[in-house]
Amino acid sequence: MPLNPGLIRDTFTEVEKQTERATAYFYGRLFAENPRLRAMFPPAMDVQRDRLFSALVTIVQNLESPDTLSGFLGHLGRDHRKFGVEAGHYDAVGAALLTTVRKFSGTAWSVEAAQAWSDAYALAARMMIEAAEEHSAWAPPWWHAEVIDLERPCRDLARITLRPNQPYSYLPGQYLSLQAARWPRVWRSYSIANAPRNDNLLRLVVRGVAGGWVSNALVTHTRLGDRVLLGPPLGSMVLDATSDRDLVCVAGGSGIAPVKAILEQVVSLPNRRNVVLLYGAGDRDHLSEIPDLMKLRATYPWLRVVSVLERESDDERLSREAPDGESIGEVVHGRLRDALPALGSLADHDAYVCGPPEMVRAMVPDLRAAGVRRSRIYHDLTAIGEEQSGSREETEAEEHDLAAPAATAADEILDRSAL
Ligand SMILES: NC(=O)C1=CN([C@@H]2O[C@H](COP(=O)(O)OP(=O)(O)OC[C@H]3O[C@@H](n4cnc5c(N)ncnc54)[C@H](O)[C@@H]3O)[C@@H](O)[C@H]2O)C=CC1
């Protein structure tokens with residue numbers, strides 16, 4: 001069925017002017033008419049409202065990009081299995097959505113606009129349902145996992161090792177959504193900090209965020225033997241395995257997780273690629289992955305690790321030791337971008353950047369200035385949940401500037417987009 005993107009955009013522009021009211025109305029309408037659906041959603045709906053809106057923005061922006069749209073909706077459909085969403089629920093959501101758009105698009109609404117929205121929603125729902133059905137043939141809607149190891153290198157950081165109850169197949173660099181027993185129906189995203197292993201174990205690096213429900217449940221309250229639920233793997237910041245270029249990796253704080261998984265993959269591949277990693281943290285206690293990285297470097301000397309510490313320790317000797325007393329290798333004091341110029345030209349490099357969004361935004365132009373082509377800069381700016389990242393508002397110009405193959409795919413926005 002031919003879509004009418006122009007009409008959809010015009011009406012949506014009006015809705016966007018009243019985002020908060022419109023999303024509140026949408027859920028009010030949905031739950032008033034389908035009270036049983038309320039139990040599928042978390043108790044606090046603030047994050048949920050943002051996710052709904054982000055998903056709509058992505059869909060509307062990509063109505064004329066069928067590949068991106070089908071990739072995004074496919075991921076969304078698969079991921080929604082973990083909420084217990086079934087094909088029958090889509091009609092209820094569609095009815096509430098159309099009523100909401102009609103109410104908030106004012107004079108832009110018309111019979112033609114109603115048809116355009118109805119057609120677009122039917123298409124989106126079909127793509128999600130088909131993806132979910134196809135996925136259900138080989139994967140569960142969610143995985144149970146047990147906490148089998150737990151380290152707290154410092155008060156607000158945890159390294160958690162999980163054993164899923166079934167094989168968990170993913171690519172290094174991907175992330176997953178997780179639900180802790182303490183907060184039923186609240187899902188947050190965390191990158192997996194190791195490449196797939198024969199024993200199927202997954203390592204997460206979690207930093208407790210002020211007011212963060214799940215991150216603090218994990219960092220403060222988790223005990224060995226606790227059980228969590230995991231959604232399917234998501235995200236496309238993965239290694240371009242066809243490339244034989246050297247790599248520069250930039251990781252800030254817990255942003256080391258996907259970068260470390262990618263590094264483990266790189267060193268396991270037959271073609272040798274030199275790697276330089278800039279690993280930034282406020283202080284050495286937050287360099288939680290340094291012991292593993294030092295072991296990796298001992299085996300693969302072409303891996304160079306530079307620790308970038310914001311705060312200089314009173315005791316310089318201490319600042320050169322990891323929490324367990326191992327060397328932390330090369331140390332630079334300052335912010336990550338301060339360490340870049342010393343690397344010289346990076347014209348023949350692929351770059352992977354992960355960490356606080358402001359850091360990623362700052363690093364992309366710096367990497368380009370150092371010679372990395374834009375299409376070779378991979379980042380996951382929108383992958384991680386609001387709890388970790390705070391606001392992810394970006395201007396159109398920034399989004400454009402940051403566009404890179406791994407980041408422009410709309411499925412990156414999935415975590416903040418669960419309907
Ligand atoms: N797949 C992904 O996209 C992932 C993203 N993250 C994100 O990474 C962040 C990690 O947070 P924390 O561990 O608390 O790290 P943090 O806030 O302590 O920062 C780590 C390092 O990043 C650098 N940095 C921070 N803000 C900067 C800025 N505005 N400009 C330049 N450099 C800056 C600093 O050098 C600092 O040492 C979170 O926002 C999280 O959402 C984390 C894991 C995976």
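**View 1. Helix H2 (residues 19-33) and helix H3 (residues 46-61) pack at about 105 degrees, with their axes 10 Å apart.** Axes here are lines fitted to C-alpha atoms, for helices over the stretch in contact, and angles run from 0 to 180 degrees between N-to-C directions. H2 and H3 are therefore roughly perpendicular (angles of 65 to 115 degrees get that label, under 35 is roughly parallel, over 145 roughly antiparallel, and the rest oblique). On the H2 side the contact uses Thr19, Thr23, Ala24, Phe26 and Tyr27, and on the H3 side Arg49, Leu52 and Phe53; contact means C-beta atoms, placed from the backbone, within 7 Å. Sorted by class, that's five nonpolar, two polar and one charged. Nonpolar covers Ala, Val, Leu, Ile, Met, Phe, Trp, Tyr, Cys and Pro, charged covers Asp, Glu, Lys and Arg, and the others, Gly among them, are polar.

A quick note on the model: it's predicted, so local features need pLDDT of at least 70 and side-chain atom pairs count only at pLDDT 80 or more, while totals for chains, interfaces and linings use all residues. Residues are numbered from 1 along each chain as its sequence is written. Helices (H or I, at least four residues) and strands (E, at least two) are DSSP runs, numbered from the N terminus.

**View 2. Helix H4 (residues 66-80) meets helix H6 (residues 111-136), their axes coming within 7 Å and crossing at roughly 55 degrees.** That angle makes H4 oblique to H6. H4 brings Ser70, Leu73, Gly74, Leu76, Gly77, Arg78 and His80, and H6 answers with Ala124, Met127, Met128, Ile129, Ala131, Ala132 and His135. The tally for this contact is eight nonpolar, five polar and one charged.

**View 3. Helix H5 (residues 89-104) packs on H6 at about 150 degrees, with the axes 10 Å apart.** H5 and H6 are therefore roughly antiparallel, and their crossing is right-handed. Tyr90, Gly94, Leu97, Leu98, Val101 and Arg102 of H5 touch Ala114, Trp117, Ser118, Tyr121, Ala125 and Ile129 of H6. By class, this contact has nine nonpolar, two polar and one charged.

**View 4. The chain splits into domain 1 (5-136), domain 2 (143-230) and domain 3 (246-380).** These bounds come from an automatic or database domain assignment. The C-alpha centres of domain 1 and domain 2 sit 29 Å apart.

**View 5. UniProt's unreviewed entry puts "domain: FAD-binding FR-type" at residues 140-240.** UniProt positions follow the numbering used here, feature names are shortened, and annotations may be inferred rather than shown by experiment. The end C-alpha atoms of residues 140-240 are 28 Å apart, and the span is 9% helix and 40% strand.

Terms used:
Two residues are in contact if their C-beta atoms, placed from the backbone, lie within 7 Å. A crossing is left-handed if the near helix is turned anticlockwise from the far one by less than a right angle, and right-handed if clockwise.
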